[in-house]
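Have the sequence and the model open side by side for this one. We'll go through it a piece at a time, starting with charges and ending with rings.

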Amino acid sequence: SEAYPKEVVAFLVTHNIDLKRVVFNYDAWDTVTTFVVTYDIIKKNKTDILYVVTDLFHMRRSMSIANVMYAFTGIKVRDYASYLGDLSKVESNRLVYWDTIRTVLSKIFGVYPKEINGRMERILQYKKEAEEPGVL
């Protein structure tokens, strides 16, 4: 997630989700790399169902990416919109298609593009915040 760790933890606790069942990972910088870098973690934990939690605006793209990553694995992918937001706005088809293609290439070749736009610096700051006492 690119959300602030404290906000994510608060959301999970509010919805009675056991934090022991949640993987916090800070090695990704966008939606595609989130699914790519957490794939082995999910498989190792022998999960039957993967819940994709995001806002409705991002759900179509997130589910497209997740369905590619977990195709033929036996893991069922389910969506859960944490926030409906403005229902008149949708992600562009171009972004959905591009990220789906990136996911297919990542799955086939086992590689993904290097981080761009300096997003990783912000995510590492979130990791540092998450490591503060009392956050996780």
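Which residues are linked in a network of salt bridges? They are Asp30, Arg61, Glu91, Asp99 and Arg102. Keep in mind that this is a predicted model. The structure holds four salt bridges, and three of them are worth a walk-through.

Start with Arg102 and Asp30, whose closest N and O atoms are 2.9 Å apart.

Next, look at Asp99 and Arg61, which meet in a salt bridge with an N to O distance of 2.7 Å. Here Asp99 belongs to helix H4 and Arg61 to helix H3, so the pair ties together parts that are 38 residues apart in sequence. Asp99 and Arg61 are both buried too.

Arg102 also forms a salt bridge with Asp99, again with the closest N and O atoms 2.9 Å apart. This one stays inside helix H4: the two residues are three apart, about one turn of the helix.

H4 covers residues 93–109, and at 1.5 Å a residue its 17 residues should span 24 Å; the end C-alpha atoms are 24 Å apart, which agrees. Which residues of H4 are buried? Val96, Asp99, Thr100, Arg102, Thr103 and Ser106 are. Those residues cover an arc of only 160° around the axis, which puts them on the same side of H4. Arg94, Tyr97, Trp98, Ile108 and Phe109, on the other side of H4, are exposed.

What do the buried residues of H4 pack against? Their partners are helix H2 (31–44) and helix H3 (56–69). After H4 comes Gly110, which has a positive phi, near 70°.

Asn16 has a positive phi of about 55° although it is not a glycine, and its place is in the loop between H1 and H2. Is Asn16 buried or exposed? Asn16 is exposed, with a relative accessible area of 72%. Lys46 is another residue other than glycine with a positive phi, near 50°. You'll find Lys46 in the loop between H2 and strand S1 (49–55), where Lys46 is exposed as well, at a relative accessible area of 71%.

Last stop: the rings. The count comes to one aromatic pair. The ring centres of Tyr39 and Tyr70 are 5.2 Å apart and the planes meet at 40°, so the pair is tilted.

Conventions. Residues are numbered from 1 along each chain as its sequence is written. This is a predicted model: local features need pLDDT of at least 70, side-chain atom pairs count only at pLDDT 80 or more; totals for chains, interfaces and linings use all residues. Side-chain values use heavy atoms; hydrogens and water are left out. Helices (H or I, at least four residues) and strands (E, at least two) are DSSP runs, numbered from the N terminus. The expected span of a helix is 1.5 Å times one less than its number of residues. Buried means under 20% relative accessible area, exposed over 50%, partly exposed in between (1.4 Å probe, protein chains only). The arc is that of the directions from the helix axis to the C-beta atoms. Contact means heavy atoms within 4.5 Å. A salt bridge is a side-chain nitrogen of Lys or Arg within 4 Å of a carboxyl oxygen of Asp or Glu. Rings of Phe, Tyr and Trp (its six-membered ring) pair if their centres lie within 6.5 Å; planes under 30 degrees apart count as stacked, over 60 as edge-to-face and the rest as tilted.
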